[in-house]
Amino acid sequence: MTDDLIQALRDADAVQYGEFELAHGGTSDYYVDKYLFETDPRCLRLIAEAFAEKLDGEKLGGVALGGVPLAAATSITADVPYVIARKQQKEYGTANLIEGRLDEGEEIVVVEDIATTGQSAVDAVESLREAGAEVNRALLVVDREEGGRENLEDHGVEMEALVTASDLLADR
């Protein structure tokens, strides 16, 4: 499965080389373009199937924006509902930070695309917990191996990544 996913990510041109600025302000000589793999049906199918295998009936929590298509595809594949963790509260309508139905004490598995520092996943975990959810695990597509796993562990969350940067960059 890992080899199939790595090949699918490469086929979708989601792994790019050059000089890139990352969201946390650092730079990198490679970039994993989540929008290229999240809009590719083969990649999305492989990710949803792999995530579904790691679930035991838990509800999903998709981190806006990148985790939402992953949560939706996995929701359909695993036949489990999901909620969306917004980065900031909307200023209209219901003004929710968490979208969808969430019951107090409900177990949520966070779904995210890529972890560098893991901060966006940590923020989603905190928002979900504040809304009453129990969050102990996060499923990610790519671990850039730059501290994201440790950051999540510091917040009591076990991170499981489908592939690592080492996997993606091997044989390049």
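## Salt bridges across the chain

A salt bridge is a side-chain nitrogen of Lys or Arg within 4 Å of a carboxyl oxygen of Asp or Glu. This is a predicted model, and by that rule the count comes to 10 salt bridges. One of them joins the side chains of Arg-42 and Asp-11, at 2.9 Å from N to O. The pair links distant parts of the chain: Arg-42 sits in helix α3 (residues 41-53) and Asp-11 in helix α1, 31 residues apart. Arg-42 is partly exposed, at 35% relative accessible area. Asp-11 is also partly exposed, at 47%.

Glu-106 bridges to Lys-59, with the closest N and O atoms 3.2 Å apart. Glu-106 lies in the loop between β5 and β6 and Lys-59 in strand β3, so this pair ties together parts 47 residues apart in sequence. Lys-59 has 8% relative accessibility, so it counts as buried.

Glu-99 and Arg-86 meet through their side chains in a salt bridge of 2.9 Å, N to O. Glu-99 belongs to strand β5 and Arg-86 to the loop between β4 (82-85) and β5, so the pair ties together parts 13 residues apart in sequence. Glu-99 is buried, at 17% relative accessibility. Arg-86 is partly exposed, at 27%.

Elsewhere, salt bridges share partners. They join Lys-54, Glu-58, Arg-137 and Glu-160 into one network.

## The sheet

Six strands make an open sheet with mixed pairing, in the order β5-β4-β3-β6-β7-β8. Its edge strands are β5 (98-99) and β8 (158-164), each pairing on one side only.

Strand β6 (residues 107-115) runs parallel to β7, and 8 bridges join the two. Ala-115 stands opposite Asp-143 in β7.

Most residues other than glycine have a negative phi, and most peptide bonds are trans. The peptide bond from Ala-64 to Leu-65 is cis, with omega near 5 degrees. Leu-65 is placed in the loop between β3 (59-63) and α4 (67-78).

Asp-13 has a positive phi, near 60 degrees. Its place is the loop between α1 and β1 (15-21). Asp-13 counts as exposed, at 51% relative accessibility. Glu-145 also has a positive phi, near 60 degrees.

## A negative patch

Asp-3, Asp-4, Glu-145 and Asp-167 form a negative surface patch. Asp-4 comes from helix α1 (residues 2-11). Glu-145 comes from the loop between β7 (134-143) and α6 (148-154). Both are partly exposed: Asp-4 has a relative accessible area of 44%, and Glu-145 has 41% relative accessibility.

Conventions: Residues numbered from 1 in each chain as written. Predicted model: local features only at pLDDT ≥ 70, side-chain atom pairs only at ≥ 80, totals over all residues. Heavy atoms only, no water. Patch = residues over 30% accessible without salt bridge, like charges linked within 9 Å, V, L, I, M, F, W, Y side chains within 5 Å. Areas by Shrake-Rupley, 256 points an atom, 1.4 Å probe, with all protein chains shown as cover. Lys, Arg positive; Asp, Glu negative; His and termini not counted. Charge placed at Lys NZ, Arg CZ, Asp CG, Glu CD. Helix = DSSP H or I, 4+ residues; strand = E, 2+ residues; numbered from the N terminus. Buried < 20%, exposed > 50% of the residue type's maximum accessible area, 1.4 Å probe, protein only. Pairing = 2+ DSSP bridges.
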